[in-house]
Amino acid sequence: DSSEWYSIAESGENRTMNQPQGTNQPTVTYTAPGFVEFDGVNDFYRLDSGNDAIQCTSNRPFTVMLVYKINTVGTDNVIVSGGEGLNTQFQFENNTTFKIVTETEQQSFVASTGTPFDTSGIKVLFISRNNTGAVTLSTHGGGARENFPLDASSTNTTSNTEINLRQISGENNDGLNAFHGKIYEIAVWQSAQLTSTQMDNI
């Protein structure tokens, strides 16, 4: 069903995202592994109510896992966000830069080597924050998971501010800055920083 992104929540809460408009529905492919492909124009899913947003509160740890493949590298390629009325955005700004916009701040993570956010193959990105607000990235593009090599031009990599996730692809009701690529899985641990061993075991 292209109109829904089904959610499995440990809490038992229904966090299924919807898209009733056919013109905004991404393409679902049922293979192994299955994926949802977003057109980079106006495809997106969103929780019905802003009150249902997955909240990573300030001064708390969290972990987000993204399994994806980028089709087109471009500015403001927003993979998850808070949607209309909320500021949070996780975006691939270019093939070397990942950007987090929290509800009150902006963080930029620039790779010192390579192009980790290019169009080659399926990738896994872990975004984790500890109790002090320090955010670390680690990537897996085949082979072993590796810590993200931070360049000195990265900014504000420590931020203990609130994050709200309500929408997959884009940042508003029109799918502005929609993600162009395939998404295989998204997981959020909204009050826990996974250990290296836990991430390796997923």
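Arg129 has Val135 of strand 13 as its bridge partner. This pairing belongs to a predicted model, in which local features need pLDDT of at least 70 and side-chain atom pairs count only at pLDDT 80 or more, while totals for chains, interfaces and linings use all residues. Residues are numbered from 1 along each chain as its sequence is written, and side-chain values use heavy atoms, with hydrogens and water left out. Strands (E, at least two residues) and helices (H or I, at least four) are DSSP runs numbered from the N terminus.

Strand 12 and strand 13 are joined by 6 bridges and run antiparallel; two strands are taken to pair if DSSP finds at least two bridges between them. The two form a hairpin with 5 residues between them, and Gly133 in the turn has a positive phi of about 100°. Both strands belong to an open sheet of 7 strands with antiparallel pairing, in the order 3-4-17-7-12-13-14. Strand 3 (27-29) and strand 14 stand at the edges with a single partner strand each, so one side of each is left without a neighbour in the sheet. Strands of a sheet pair through backbone hydrogen bonds, either parallel or antiparallel.

Strand 7 (residues 62-70) pairs with strand 17 in the antiparallel sense over 8 bridges, and here Met65 has Ala187 of strand 17 as its bridge partner. Strand 7 is also joined to strand 12 by 7 bridges, again antiparallel; in this pairing Val64 stands opposite Ile127.

Because 7 of the 7 residues of strand 12 are buried, this strand is largely enclosed by the rest of the structure. Buried here means under 20% relative accessible area, exposed means over 50%, and partly exposed lies in between (1.4 Å probe, protein chains only). In a regular strand the side chains alternate between the two faces of the sheet. Both faces of strand 12 are covered: Lys123, Leu125, Ile127 and Arg129 are buried on one side, and Val124, Phe126 and Ser128 on the other.

## A second hairpin and a buried glutamine

Strand 10 (residues 97-101) and strand 11 run antiparallel and are joined by 5 bridges. A hairpin of 4 residues connects strand 10 to strand 11, and Val101 stands opposite Gln106 of strand 11. Strand 11 (residues 106-110) is mostly covered, with 4 of its 5 residues buried.

Gln91 lies in strand 9 (residues 89-94) and is buried at 1% relative accessibility. Its side chain makes a polar contact of 3.0 Å with that of Asp76; such a contact is a pair of N or O atoms within 3.5 Å, where within protein one must be able to donate a hydrogen and the other to accept it, and residues adjacent in sequence count only if both atoms are side-chain atoms.

## Salt bridges

The whole structure contains 3 salt bridges, each defined as a side-chain nitrogen of Lys or Arg within 4 Å of a carboxyl oxygen of Asp or Glu.

| Lys99 | Glu93 | 3.8 Å |

Arg145 is buried at 17% relative accessibility, whereas Asp200 is partly exposed at 46%. Lys99 is buried at 16%, and Glu93 is partly exposed at 23%. Lys123 is buried, with a relative accessible area of 9%.

## The second largest pocket

The second largest pocket has a volume of about 240 Å³. A pocket is an open set of points on a 1 Å grid over the protein atoms alone, where a 1.4 Å probe fits, with protein on both sides within 12 Å along at least five of seven lines; lining residues have an atom within 4 Å of a point. Grid points are joined across faces, edges and corners, and the volume is the space filled by probe spheres set on them.

Its lining comprises 16 residues, of which Pro116, Lys123, Thr139, Gly141 and Glu146 lie nearest the centre. Strand 12 (123-129), strand 13 (135-140) and strand 14 (146-147) are the elements that give two or more residues to this lining. The lining divides into 4 nonpolar, 9 polar and 3 charged residues. In this division Ala, Val, Leu, Ile, Met, Phe, Trp, Tyr, Cys and Pro count as nonpolar, Asp, Glu, Lys and Arg as charged, and the others, Gly among them, as polar.
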